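Please keep the structure in view while reading.

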Amino acid sequence: KAMLTKHIGGLLRGDFNQLLSLLYRVDVEESKLRRLLQDHPNTDAAALITEAIISRVREKMVSRLKYKPSPPRDEEERW
């Protein structure tokens, strides 16, 4: 988490377009991120963005596990 926060901080300072690209790939909703930053103006933006990224990755993992197809019960069903 600390390493990701440091990386996000570097992107905020030096390569904002790369940060936007990362947020797009991870699928962090702009409206949620904007609200998060507005609601916590005295908190480090890099830390807030890191939390948003981690939260989104967790959501995607839970969703994948929830909708993962069950394995076939026997050899016949595999085909």
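Axes here are lines fitted to C-alpha atoms, for helices over the stretch in contact, and angles run from 0 to 180 degrees between N-to-C directions. The model is a predicted one.

## Packing of H3 and H4

Two packed helices are described by the angle between their axes and the distance between the axes. Helix H3 spans residues 30-39 and helix H4 spans residues 45-66. They pack at an angle of about 140°, and their axes lie 10 Å apart. The crossing of H3 and H4 is right-handed.

H3 contributes Lys32, Leu33, Leu36 and Leu37 to the contact. From H4 come Ala45, Leu48, Ile49, Ala52 and Glu59. Seven of the residues in this contact are nonpolar and two are charged; no polar residue takes part.

Helix H2 covers residues 16-26. Its buried residues are Leu19, Leu22, Leu23 and Val26. They lie on the same side of H2, because they cover an arc of only 95° around the axis. H1, H3 and H4 are among the elements that cover these buried residues.

Asn17, Tyr24 and Arg25 are exposed on the other side of H2. Just after H2 comes Asp27, with a positive phi of about 75°.

## Thr5 in H1

Thr5 sits in helix H1, residues 2-14. Is Thr5 buried or exposed? Its relative accessible area is 18%, so Thr5 counts as buried, the cut-off being under 20%.

What does Thr5 touch, leaving out residues up to four places away in sequence? Its contacts are Asp44, Ala46, Ala47 and Thr50.

Terms used
Residues numbered from 1 in each chain as written. Predicted model: local features only at pLDDT ≥ 70, side-chain atom pairs only at ≥ 80, totals over all residues. Heavy atoms only, no water. Helix = DSSP H or I, 4+ residues; strand = E, 2+ residues; numbered from the N terminus. Left-handed = near helix turned anticlockwise from the far one by under 90°. Contact = heavy atoms within 4.5 Å. Nonpolar A, V, L, I, M, F, W, Y, C, P; charged D, E, K, R; others polar. Buried < 20%, exposed > 50% of the residue type's maximum accessible area, 1.4 Å probe, protein only. Arc of directions from axis to C-beta.
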